[in-house]
Amino acid sequence: MKEINLKWFSVTKTELYIILGAIIAPFIFYFSPYIQGLLIFIMMWVILGSSWNLLAGYTGQVSFGHAAYFGIGAYAAALPFYHWHISPWWGLLTGGIAAVILGYLLGIIVFRLRGPYFALGTLATAEILRIAFGEEEWLTNGHNGILYITTWVTKLPYYFIVLAIALGAVFSIKAVMHSKAGFYFLSIREDEDAAKAIGIDTAKYKNISMAISTFWAGTAGAFYMIYMGFIDPEIVFALHNISIITILVGILGGVGTIWGPAVGAVIMVFVQELFRSAFFGLAPRWVGNIHALVFGLLVIFVILYMAGGVVGDWDLIAKKFRRTKPKEAKA
Amino acid sequence: MSILVLENLTKAFGGLVAVNNVSLEVKEGEIFGLIGPNGSGKTTIFNTINHFYLATKGRIIFKGIDITNKKTFEIARLGIGRTFQKVRPLKRLSVEDNVMAAAFARESTFEGSRKVAREVLEFCHLGEVSHMPAGSLPIAGRKRLEIAKALATRPSLILLDETAAGLNPAELDEAIDIIKKIRSELGITIIIVEHIMKVIMNISDRIHAIAFGATITEGTPKEVASHPTVIEAYLGTDATLVGGDYAGA
Amino acid sequence: MNIFLQSLVSGLLVGGLYAIIGIGMTLIMGVLKIINLAHGQILMVSMYITWTLWYYLGVDPYLSVIVSVPVVFFLAEAISKYLLNPLIEKESILPENQVLMTVGIGMVLVELARSIFSSDYRSIQTSLTDKVWYLGKVSISVPLFIAFVVSIVLTAGMFYLLMKTDLGRSIRAAAQDKVAATLMGISSEKITIFTYGLGSALIAAAGSVFLPVYYLYPDVGPIFTVKAFVITILGGMGSTVGAIAGGLVLGIAETFGAQYISQGYRDAVGLVIFLLVLVFLPGGLKKFTKV
């Protein structure tokens, strides 16, 4: 079992390279808008995955309904525009806050539940929101969705905005995990009753974890609205395409690791594009239709053979490729 | 002065009365033993004191404050630490991180908490294994980790639930040594539940004996050991005098 | 009043179908202690088998049970043996690993169906499809009624199996206390695999008789999965009688919700009930029954 080493907040050299790489990335491939579009989606999944990972991977509250917060963030950006023509850009401020408020309210219900019941409770709340936002047309324009002519045609500025948000999410979570709250989250994950016995107000700290997590999920939702210029309830509250893929991103990269969700996001978007484009046109066309099937297989594979995800099981994976003698684990 | 007072404490689970009208007073600075056969309600008393269970009847008073209805984490912060009979380390965290998580009860900074944790780990002879994952410790280490976690919350009263069970003789002596030092060096009052008579008779100032959830007698180790009902209760369940790791509580 | 009666009758009939979904789920939850988020997808598999047999070979959907049930049974046994059981021993950060696994299995089943059959809505036409009986002014759809009757028969059969046979006793023993069951000589591994197969076979039978009632498309699976866990929580995990009661309550509540609130909220009704039960009646309706 990998030891969790909590050092005080820092930006390591590797992280610096990652950040530099992320800044340069959109300029290679001849400024290809296609690549830039993919990079934007990667960053969105980095935010969502990291957000989920704080609550599920670090605090042990496995949410099956993160679409609720993504969706409410998107609508926080869209609704004032739809009703009063207030710019959706304000959503970058209000989206996160709306999600935090929603998270707090839903938390009153779902935090009474433990383990798989929590998972189902979050799933149910997200589904109820999806249905309600589709039905209440006076408020949300229902399934017709809300349309907004995006500010820029070029993708580059969007990329840097979403990159900034993603870095904010990853590093804020990293900082939190190196503080008292981080220790408390882990304690709650490992043993909630034992955590109480060492003086941890578990209810309060679950709410704090929820608040940070939902803030970033909501901000990601608001960004989605601004960038795509169109949302409807089936898109932003989607059970499979948002909630479940968020989990996939988390477990693929590594639950309970800082950079796991980021790695998971890169792999997920890459695999999706690989199949969607039928291996860039090299494979028969039907391959393009099975990318969702591949995700399902990935979930199964990761759970069976790579429970720690790419980052969590990196040592094991690296060993397999190096074919060196496995080093004896620290005694 | 009494640090902890139980007044007519009763805990029932449906029709089953696990603790029946127990009253006791623990004085500041003493080592107070709690004995009784398996299933007599000792762990239930601990679980009621730190509010894993809500008392059915009676009151619990700690340092003059009624804590009967306080939440578990509040009780820990007021200064009651406890260990678990069935050890509950935060498995995937290192030993040091386990203790740091507890130390944050009084410390707000990373460094402050780490300093406390290291002191406590030295105290419990865990300094050398502080970077091991807690889940990989052998049983003696896990038992001491339980104590370390409780101590790191800086309690004025500590509840030790069978911290000596399952240890070999050398480990046992080490454990007794640590328990004695908890009072002599840290000045912490101790309530100890233990099956191993050698331990409890040796270190307790006073002992409270219960059976079937109710008080039998209370007094010095000598007085209690010679009490006919205690002898009967223990001879009735032969294993308890020998000691061992029993899951029952 | 007529609308009320009509809603009640329709609700009861649909509830009967839900009961059979719920029993399959509650069996699995009771013994495997997992929430099977692939339950509805397995039902969908059975529906596609039935549809294929009808479309290409003209087999009557009610008759195709003899194919769909064994096929699904062995599929489910394989899933349980090779995908779910290995996880029991595995140490992982997320205790919900098995639940996540069923999500993955569900995704694969839905996407396989989509790859093979596309996302088109399908339905079948038999001589009974549009038949309706009238009880006074209350109309009863014949295929729905048949499905209801089959559900009742299956439920009764299941009940007999669980209560009166040795196999049933073993399953119930495993549901209550795995360790004790193992000590009694019941192989808990075999029982979990068999139970997953049995619970799935039940919904396979349900799938075949549902086909004349419901539209079929790949995403019908997740919809039934949600209903299944709502029923199970409503009825109380592991309780057969609870699942029947839960199914009926959900069927009636949905029909009334659709009638008196709005059609669009039909699927939300169950979820709201589900949350209310989780919070205010943990343990579900089981509390009021003994079985």
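How many residues does the contact take from chain A and from chain B?

## Where the chains meet

The contact takes 23 residues from chain A and 27 residues from chain B; two residues are in contact if their C-beta atoms, placed from the backbone, lie within 7 Å. This is a predicted model, in which local features need pLDDT of at least 70 and side-chain atom pairs count only at pLDDT 80 or more, while totals for chains, interfaces and linings use all residues. To find your way, note that residues are numbered from 1 along each chain as its sequence is written, with chains lettered from A and ligands numbered from 1 in the order in which they are written.

On the side of chain A that touches chain B, α8 (180–190) and α9 (192–197) of chain A each supply at least two residues. The largest share, 6 residues, comes from α8(A). Helices (H or I, at least four residues) and strands (E, at least two) are DSSP runs, numbered from the N terminus.

## The sheet of chain B

Now look at chain B, where an open sheet of 6 strands with mixed pairing has the order β6-β7-β8-β3-β9-β10. Two strands pair if DSSP finds at least two bridges between them. At the edges are β6 (80–82) and β10 (214–219) of chain B, each pairing on one side only.

Strands β3 (residues 31–35) and β9 (residues 206–211) of chain B run parallel, joined by 4 bridges. Here B:Phe32 stands opposite B:Arg206 in β9(B).
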